[in-house]
Amino acid sequence: MTTYSNRKAIVPQLLQYVIITTALLIVSLGIFVRFHNLEEKIYWLDESFTSLSISGYSRSDVKEQLITGKEVDISTIMKYQYPNDKANYQGTIQGLIEDEPQHTPIYFLTARFWTQIFGKSIGSIRTLSVVAGILCLPLMYLLCYELFNQPLTSWMATAFMAVSPFHVLYSQEARPFSLWTLTTLVSCVALLKVQKKPSIYGWLIYSYSMIISCYTFLFSLLTYLAHFIYILVSGKFRLNQVTITFCITGVLNIVGFLPWIIILIKNPPSNYTSLPASSIIEYPKAWIRNLSLPFADFNINASSDLEFLIPFLLYLVLLLLLISYSLLYLAKNGHKKAYFFLFSLIFIPFLILLLRDFGQGGQMTLRANYLIPSLLGIQIICSYTLSNKLLGRNPALWLNITAILLSISIASCSLMTSTNVWWIKDRENIHHRLANIVNESKRPLIISDVLTDDEFIRPFSVSHYLRDTAKFMFLFEPTADERWQKFTISGIYSDVFLYDPSESLKNHLIKNYGYRLVPLFDKKDSYHNYSDQMFFRLEPNQN
C-alpha cells in the first residue's frame, strides 16, 4: 500500500521524468531551428569579411584588383569570397594579420577547410557554426553536471540553450562566435574536472583547450582570467597544489599563444568598438538588452511600436528580477565553488571590458557576442534556480514561470528563423529586396564607391544573390584619389544602379552625366533607419 510519504517522493520523480522528457523534445527542436532557413538569411557585411578571410586574400588584394573603375563580373567577386587554388591557408592567416588581427585564426582556417570539403555556398559555410552550436548542448549539460551534480539542472540549462535566440542566432552566422561558445564550454568543463581529480593529463587537456579557445577568439583571455580568479577564491588564496599547477598551465598557455601576442603588439587592432557610444545612457540600455537576448529576441528596438515595446519592457523587468534572485538563491543554497565559478564567469569578463570602455572609450560591453562567457553563466544560474524551485515549495508557480520563459524563447526562435531579416544584419536587411530589383533587369550595372576600410566590402554581400548577368563597378575613394571620377558608363546596360554612393559621386553624375537619381528605399526600410541614401537607380534627366 502506498503511503502519503511515498506519494510525496513519487511526485517529484514523476515531475523530473516529465521535465527531462520535455527537455529532450526542446533540444530536438533547437537542433531543427538551427538548420531552418539557413541558406536564405541575409549574408551580411561581417560574414562577407569571413568569406574574404577564408578566400586567402586580404583587403589590399581586393582594392588592387577590383577598384579600377572598370566593370567586374560576379564570378570575379566570388574569387574573393570562397577558397580557390591561387591562395592558401597561409594567405588566410596573413590576411587576418593585416586586416583584423583581433580575430584569431582557428575559426577561419576551419571554415576554409569546411567549405573545401562541403562546397562553396552560404549554407555550407554557415553549417560549421550550426555544428558547433549543436555540440555546445552536451557540453552545457556536462558543465552544469560538474557544477551541481544535478541531472535536472543540467537538462534545464541544456533546454534553455537549445532554444536560446542568442545561441540560435550565432549558430546561423558565418562568424567565430558559435565556435567560441563551444571552446569556452570545453575549457570550463576541463577545469572543473581536473580540479576535482587532478592529474597531469587533465591539466594538459585544460591547457590545450584554453590555447585552442584563445586562437578561436581573443577574448578567451578574459575567460582564463575568470578561471584564475575562481581558482584563487575557491582555494582561499592559498598556494596549494591546484593553484600552483594552474599557474604552471598559465605559463604553457602564454607560450602557446605567444605567436599571436607578438602579432598583436606589432600590429594593434583597430575597430569601431574603440569609439565611445553616442551617449552614456546607451550603455545601460545595451546591457539590459544583452541580458535578455539568451531568453527573448523579437527584433525590437527603441523605435518599435508601443504595442510591442511596452510588453517587451515589462518582460525585461521580470527577467532582471529573476536573474537577480537567481544570483542570491545560488549564493544562499548552492555549493560555494559553483557560486564562485559562475560569479567569476559572469562578472570578470564584463568588468574588464567595462574598464576598457570607460577608461579609453569604447563599445565592448555593448556587444553581446563579446560577453558570451557572462551570458552562459547567467543562463546556468537561472536554470539552477528554476530546476530546484520546481522540486521545492509551490512547484506549480515555478513550473509556470519555466514554461513561460521557454515558450517565449521558442517563439523568438520561430520568428527569427522564419524571416530573412533581423537586427544583426544591420544595413544589409534590404539586400534581398535590392537583389530582386537588380535581378529583374536584363543587363544591370551597380556602381559603388563605399570604400572605407570597414565598409568597402559591403557590396560583396549583395553579390551572393545576383544573377551572373549583373556587373559591378568599384570606384576609387574620393578622399584618397581623384581618379574615382575617371570612368565611363557603357550604353550596353539596361539599368544602372548606385550602391551607397558618396555625395561627391552623386553630384558628379548629376552635373557631368545629366542623370537623375531615383531612391529605391526610404528610411523605414532598414532596422537602423538610415538606408535612405543607400540605393538609387540612374535615369536620364528629362529636363
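This note sets out numbered points on a predicted model of a protein chain.

1. Basis of the values. The model is predicted, and local features need pLDDT of at least 70, while side-chain atom pairs count only at pLDDT 80 or more and totals for chains, interfaces and linings use all residues. Residues are numbered from 1 along each chain as its sequence is written, and side-chain values use heavy atoms, with hydrogens and water left out.

2. Confidence. The mean pLDDT (the predictor's confidence in each residue, from 0 to 100) is 89 for the protein chain, and 91% of the residues score at least 70. Among the elements of the chain, the lowest mean, 79, belongs to helix 1 (residues 4-35), and the highest, 98, to helix 10 (residues 177-196). Residues 1-8 have pLDDT below 50, with 2 contacts in the model beyond near neighbours in sequence; a contact means heavy atoms within 4.5 Å. Residues 525-531 also fall below 50, with 24 such contacts. Where pLDDT is low, the predicted coordinates should not be read in detail. Helices (H or I, at least four residues) and strands (E, at least two) are DSSP runs, numbered from the N terminus.

3. Domains and annotation. The chain is divided into domain 1 (13-38 + 127-266 + 284-418) and domain 2 (426-540), with bounds that come from an automatic or database domain assignment. The C-alpha centres of domain 1 and domain 2 lie 41 Å apart. An unreviewed UniProt entry annotates residues 103-262 as "domain: Glycosyltransferase RgtA/B/C/D-like"; such positions are given in the numbering used here, feature names are shortened, and annotations may be inferred rather than shown by experiment. Residues 103-262 are 83% helix and 0% strand, and the end C-alpha atoms of this stretch are 14 Å apart.

4. Nonpolar cores. A nonpolar core is a set of buried Ala, Val, Leu, Ile, Met, Phe, Trp, Tyr and Cys residues joined through side-chain atoms within 4.5 Å. The largest has 151 residues, and those with the most contacts inside it are L143, L147, F148, F219, F341 and L466. Its largest share, 12 residues, comes from helix 7 (residues 122-148). Both domain 1 and domain 2 give residues to this core, so it lies between them. L147 touches L192, A338, F341, L342 and I380, leaving aside neighbours within four places in sequence. Another core, of 15 residues, lies apart from the largest one and includes F487, Y493, L505 and L509.

5. K41. This residue sits in the loop between helix 1 and helix 2 (45-55). K41 is buried, with a relative accessible area of 6%; buried means under 20%, exposed over 50%, and partly exposed in between (1.4 Å probe, protein chains only). A polar atom of the K41 side chain lies 2.5 Å from the backbone oxygen of M416, and the K41 side chain reaches the backbone oxygen of T419 at 2.9 Å. Beyond four places in sequence, K41 also touches other residues, including R126, Q172, H432 and Y465.

6. H431, in helix 19 (residues 431-439), is buried, with a relative accessible area of 0%. The side chains of H431 and Y499 make a polar contact at 2.7 Å; a polar contact is a pair of N or O atoms within 3.5 Å, where, within protein, one must be able to donate a hydrogen and the other to accept it, and residues adjacent in sequence count only if both atoms are side-chain atoms. S448, in strand 2 (residues 444-448), is likewise buried at 0%. Y499 is among the contacts of S448, together with P459, M473, F474 and L475, leaving aside neighbours within four places in sequence.
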